[in-house]
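Subject: Structure handover

Hello,

Here is the structure I said I would pass on. My notes on what was found in it follow below.

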Amino acid sequence: MGINHGKQETRLPRRLRLGMVGGGDGAFIGAVHRMAARLDDHYELVAGALSGNPLRAASSAAAIRLDRSRSYSDYRDMARREAARPDGIDVVAIVTPNYLHAPVATAFLEAGIHVICDKPLAVSLQEAQALAALAQRKNLVFALTHTYTGYPMVRHAKELVESGALGELRLLQVEYSQDWLADEIPAAMAAANDGTQDPAALGWRSDPARNGPAGTLGDVGSHAYQLAQYVSGATPEQLLAELHTFVPGRLVDDHVQVMLRYANGARGTLWASQVATGCENALRLRLYGSKASLAFDQENPNQLWFTPQGGQAQCLTRGRVQGQAAAHATRVPAGHPEGYLEAFAQLYVDAAQQIAALNDGRPIPGHSRFLTTVKDGVQGMEFIEAVLRSHAQDSSWVSLEQQA
């Protein structure tokens, strides 16, 4: 069977000109963004500040065949010069360490350029709120790449909840477990002469100055929280949280567990860990309502389990379910698996549709409404800061600060 060409209905008048900040030689997520942008043929990568180091920026640009004249080592210079070109970029992808998300996004928004940013949105709630206000003031699209929301079966789950199929939400459980940080830090890396961890040896995610104060909480805990909120449509009013660091010498948390309370009386739990031995990328969501429950496992993304109260569990599969949300995010016929890269690409599809509509003065297409945006990023930072506050107060119940 061939490719499902349903995506043709979303074809744009031209490819959007894409720039990238970060994602140079050896960067995992930069390559993922480039593949995602290419998959549905809505973008052409034409410019980049792939590194702040001029030599690395130039070699990285050459490796992906960028025009030398549009390779930059300063993102501020890139924003200014691209905004001034008649063929300048329409949108920038930001794939830097977390601490640069806000300043880079600010520079491009100020230049009138749409933004697609890796998560988390920022390293503080204040930064996140400022970005949201700026994007609104400039009337620009600001997409946030919460990858897992691009899966067809996640979107179908969201549509089921919105239809009332689950009834009133009662219980919510979400977890994200990995083991890639489970090993002890080698002594040579664990400490410098002053007894502190060497961030350069361990990467920016282990460095609070570049990652922000939330380790596993910001890396995968934010994904778990956002997925639960995205599908359920419910935001907790209060939470109680504990952070922990199991590996000696690590300066950020590597494990988090949270209890959640909702306005309607529902209860939830979230745990995220990067020291869960034997786990690869186990992001799992379970919702229980008064009429039915559903369960999604990211490692089996083409399936969604739906169980009506008193009935049999049903395994719903991608390509067979009825509904516009899943159909819009589906590329190939049933039985041909779609996975992580396709989910990531779906966010780029939806961003392209919204940018094209905004540029043409048309309403945002209804089928791209599931795109995660700067608003989701603000809510993610509200969650992170509430968890940090609860943990600092001896794991007491705290309220989430809500964006107006």
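The side chains of Glu-82 and Tyr-72 are joined by a polar contact of 2.7 Å. This is a predicted model, so please read the notes with that in mind.

Glu-82 sits in helix H3. Is Glu-82 buried or exposed? With a relative accessibility of 1%, Glu-82 counts as buried. Apart from neighbours within four places in sequence, the residues in contact with Glu-82 are Ala-47, Arg-70, Tyr-72, Gly-88 and Ile-89.

The sheet

The model has an open sheet of 5 strands, with parallel pairing and the order S2-S1-S3-S4-S5. Its edges are strand S2 (43-49) and strand S5 (142-145), each of which pairs on one side only. From one strand to the next, the twist averages 25°. Helix H3, residues 75-84, packs on this sheet and touches S1, S2 and strand S3 (91-95). The direction of H3 makes about 130° with that of S2.

Strand S1 covers residues 16-22 and pairs with S2 in the parallel sense over 6 bridges.

Helix H4 (residues 101-110) lies across S1, S3, strand S4 (114-118) and S5. H4 runs at about 170° to S4.

Salt bridges

Side chains of opposite charge can pair when their charged atoms come close.

Glu-110 and Lys-138 meet through their side chains in a salt bridge, at 3.8 Å from N to O. Glu-110 belongs to helix H4 and Lys-138 to helix H5 (residues 125-138), so this pair ties together parts that are 28 residues apart in sequence. Glu-110 is partly exposed, at 44% relative accessible area, and Lys-138 is also partly exposed, at 34%.

Arg-155 and Asp-350 form a salt bridge at 2.7 Å, N to O. Because Arg-155 lies in helix H6 (residues 152-163) and Asp-350 in helix H12 (residues 340-360), the pair ties together parts that are 195 residues apart in sequence. Arg-155 is buried, with a relative accessible area of 0%. Asp-350 likewise counts as buried, at 0% relative accessibility.

In the salt bridge between Arg-369 and Glu-162, the closest N and O atoms are 3.0 Å apart. Glu-162 is in helix H6 and Arg-369 in the loop between H12 and helix H13 (374-392), so the link ties together parts that are 207 residues apart in sequence. Arg-369 is partly exposed at 48% relative accessibility, and Glu-162 is partly exposed at 43%.

There is also one network, in which salt bridges that share partners join Asp-40, Arg-318, Arg-331 and Glu-338.

Helix H13

H13 has 19 residues. From its first C-alpha to its last, H13 reaches 27 Å, close to the 27 Å expected at 1.5 Å a residue. Just after H13, Asp-394 takes a positive phi of about 60°.

If you want a place to start, display Glu-82 with Tyr-72, then Arg-155 with Asp-350.

Regards

Terms used
Residues numbered from 1 in each chain as written. Predicted model: local features only at pLDDT ≥ 70, side-chain atom pairs only at ≥ 80, totals over all residues. Heavy atoms only, no water. Pairing = 2+ DSSP bridges. Helix = DSSP H or I, 4+ residues; strand = E, 2+ residues; numbered from the N terminus. Axes fitted to C-alpha atoms, helices over the stretch in contact; angles between N-to-C directions. Contact = heavy atoms within 4.5 Å. Salt bridge = Lys/Arg side-chain N within 4 Å of Asp/Glu carboxyl O. Buried < 20%, exposed > 50% of the residue type's maximum accessible area, 1.4 Å probe, protein only. Expected span 1.5 Å × (residues − 1). Polar contact = N/O pair within 3.5 Å; in protein donor to acceptor, adjacent residues only side chain to side chain.
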